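Here is a briefing on a structure with its sequence. Look over both before reading the points below.

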Amino acid sequence: MKRYFLAFMIIGVLAAAGCQRGAGPKGLLQKYFSTAMKKDFAATYTCYYAPYRAKISEAEYVKHRLEDPATLLGYKILSLKQQGDAASAVVVLTFIKKGDPKQPKPFPVTVSENMIKEHGDWRIKVW
Amino acid sequence: MKRSKFYLWAPVALMVFALAACGGGVGGPGSGTATQAHGSTGTLSGYVYQIGTTNGVGSATVTVGTSSTTTASDGSYSLSGIAVGNSPAYVSATNYQKTSYNVVINANSTTTNNFNLTPAYNTSITPPANSMNYVLFAWNNLGIHCCQQDYSAFSALPPYNVLEAQLINRNSTSNPVISGVTINYWLVNKQNPSSHLNFWEYDSNFWFHNSSGGTTSLNAAKNVGVLTGALTNGTMGLRPDSANGTLGFEVAGIPASAYDDDGTWDPYGVAIVNAVDNSTGAVLAQVNVEVPISTEMDCKNCHGTTNLDSTLSAFASILYDHDNDPNISGSSNGTHLYTDYQSGTIHLCAECHADPALGAVNAEGATENLPQAMHHFHGGSVNGTVVMDWTTTAQNVTPDCFNCHPGPNTQCMRGIMARAGKSCHDCHGTVADVGSANRTPWTAGSLPMCGTCHDPAHYAENSNTLYQNSVLKDAPNRAMDGILYCEACHNSPHAELITTAKAGAINNADDSVPEAYQGDNYWIHNCNICHPNKSGYVHH
């Protein structure tokens, strides 16, 4: 009994570690878009893969995201495919250009997101 | 009497000068003297560095004319007795590329010039092109394009990008390929630029007077480029070239945004370009190419300093200043841009100020083209009055051009010139120079020319032609002349290969073409790229 209990404890710890390490492509997308909706762009920035973060600094990224005339209101994942350490998703985003009298209504934009596993964590692959 | 005295003393004077010129000797390592029988001479000195570093290159040879010297172990050199004038200096060293740079030697003085050497090619790399039948060169025409963050107050520049391409059949002597193929392009993640750009919400306001005496509108459907109707994906047309005939393909006016569709800030966007055989549908070649675009054209560095809402205020303040500054408006030809803006009417700068980039002519009383007006006002004087002391008003960025042009963050300058330590001023001059009344923008003579600084016999543009429109014309094998654009092998101005990434950056899309075909990030140097079973590395 103790042996089984110990095994379950070990499995539970490993599973928890895996969740904390990364919840997979879907978890990445959820973090990526939810932080952008809250305009927590510093957190959004951490979702990108290393080559992007090497080329664009966090300060530059946050500055320009804040200047973006479009604000993200919501997202819907239409499809998600994973093959090994790569994944892709089709997502419908809803934006609004707040304060713009010429485009006051929310509008949809369909995007493809590519993702890659980098050192065990899933990241948004830009190029 | 006086004349006879002159004739008596002149030969003596000449003898004295001749004896002095015959003197002099050879110094220690790193210095040298040219032998001159007569005439004024000067000295050239400095360092030879490995490009992008402060590591001196020892035992490098510096040659000017018939005289030469060898650098010391720290890369220092001094070469005296060089004839006065403008001459190409050549520098070479083992394990480095040879370089040349024009130097100006003044009489009895020392010209200081440092040279930068690029490491030699790795000739052990087997080019990936070896296994290909076609190679597709593609590039952005300028290295960076600018657009505004916000178009609700006025427009200086619409979103407008240009991609060009040339296709080479490696198994044919009939090149470049300009028929029987379709060149496609697709801007990755940038199919909906209107989602993050408000240009199309205001473009019905923008028009200009054209050279035919009529007007041209910049009104375009959402996500469609102005003037050409280009989209963010499509096919390229044949590139018009009256000087050289049709050599390649082009798409102009791509309405690229610096934002990806999902909001990612991405000024180094990538386009996929491929060549498809029209008869079989087979993809003959495919490359990734950079489509650089930046909104870091930042008027608000001086006209306002906060976020988007204040940006609108900053732009509105520009309009107000334009209406009320006595050096612009005067009393007889005042503008009313701010009052128009308040009543909902906004303008394109080129509505009044000629802009050769768009094809706009001066109108409505304007006497200066747009680049001249902008740089003259911000960098010089108007009617004898210095209107802005650039050195005190500009934000503390280097170079000061980055107050308005991309930019401290977006790397407009990321080519080998930047790698060699050159700045905008080295090629473009000062703000006042760019605003000179003698300068016609976007023409040969107004933009920097490679042949000004580098051996014009081998590295100059075609006569009276900009670099981006020039073709190779001094190939060792003359059969290559007139086939390839300079940009096909060397990439865009501002991003000349080898491009330099920001410190710590590990992905540089500018290098994707040479990496795809050559296996390194140099300019195209390996003859094998285009010619099967041919080795060699000399093209000029």
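**A sheet in chain B**

In chain B, five strands form an open sheet in the order 11-21-20-14-17, and their pairing is mixed. Its edge strands are strand 11 (145–146) and strand 17 (233–235) of chain B, and each of these pairs on one side only. Keep in mind that this is a predicted model.

**Pairing inside the sheet**

- Strands of a sheet pair through backbone hydrogen bonds, in either a parallel or an antiparallel sense.
- Strand 20 of chain B pairs with strand 21 (residues 283–294) of chain B in the antiparallel sense, over nine bridges.
- Take B:I272 as an example: its bridge partner in strand 21 of chain B is B:N288.

**Where the two chains meet**

- Which chain supplies 38 residues to the contact between chain B and chain A? Chain B does, and these residues are in contact with 31 residues of chain A.
- Together, chain B and chain A bury about 2,900 Å² between them. Of that area, 51% is on carbon and sulfur atoms.
- There are 16 residue pairs in polar contact between chain B and chain A, counting pairs with both residues at pLDDT 80 or more.
- Helix 2 (199–202) and strand 20 (268–277) of chain B each supply at least two residues of the side of chain B that touches chain A.
- Strand 20 of chain B gives the most to that side, with three residues.
- The residues on the side of chain B that touches chain A divide into twelve nonpolar, 16 polar and ten charged.
- Two salt bridges are counted between chain B and chain A.
- In a salt bridge between the chains, the side chain of B:E290 meets that of A:K55, at 4.0 Å from N to O.

**A hairpin in chain A**

- Strand 1 (residues 71–83) of chain A runs antiparallel to strand 2 (residues 86–96) of chain A, and eleven bridges join them.
- A:K76 stands opposite A:V92, which lies in strand 2 of chain A.
- These two strands of chain A form a hairpin, with two residues between them.
- A:G84 is in the turn and has a positive phi of about 65 degrees.

**A helix in chain B**

- The buried residues of helix 6 of chain B are B:L370, B:P371, B:Q372, B:A373, B:H375, B:F377 and B:H378.
- At the start of helix 6 of chain B, a side-chain oxygen of B:N369 reaches to within 2.8 Å of the backbone nitrogen of B:Q372.

- B:T63 sits in strand 3 (residues 61–64) of chain B.
- Is B:T63 buried or partly exposed? B:T63 is partly exposed, because its relative accessible area is 22% and buried means under 20%.
- Leaving aside neighbours within four places in sequence, B:T63 is in contact with B:S68, B:P88, B:A89 and B:Y90.
- B:T63 and B:G263 are 200 residues apart along the chain, and their C-alpha atoms are separated by 53 Å.

**Chain B as a whole**

- Chain B has 14 helices and 24 strands.
- Of the 540 residues in chain B, 51% are buried.
- Among contacts in chain B with a separation of 6 or more, 62% join residues 24 or more positions apart.

Notes. Residues are numbered from 1 along each chain as its sequence is written. Chains are lettered from A and ligands numbered from 1 in the order in which they are written. This is a predicted model: local features need pLDDT of at least 70, side-chain atom pairs count only at pLDDT 80 or more; totals for chains, interfaces and linings use all residues. Side-chain values use heavy atoms; hydrogens and water are left out. Contact means heavy atoms within 4.5 Å. Buried area is the accessible area (1.4 Å probe) that two parts lose on being put together, summed over both. A polar contact is a pair of N or O atoms within 3.5 Å; within protein, one must be able to donate a hydrogen and the other to accept it, and residues adjacent in sequence count only if both atoms are side-chain atoms. Helices (H or I, at least four residues) and strands (E, at least two) are DSSP runs, numbered from the N terminus. Ala, Val, Leu, Ile, Met, Phe, Trp, Tyr, Cys and Pro count as nonpolar, Asp, Glu, Lys and Arg as charged, and the others, Gly among them, as polar. Two strands pair if DSSP finds at least two bridges between them. Buried means under 20% relative accessible area, exposed over 50%, partly exposed in between (1.4 Å probe, protein chains only).
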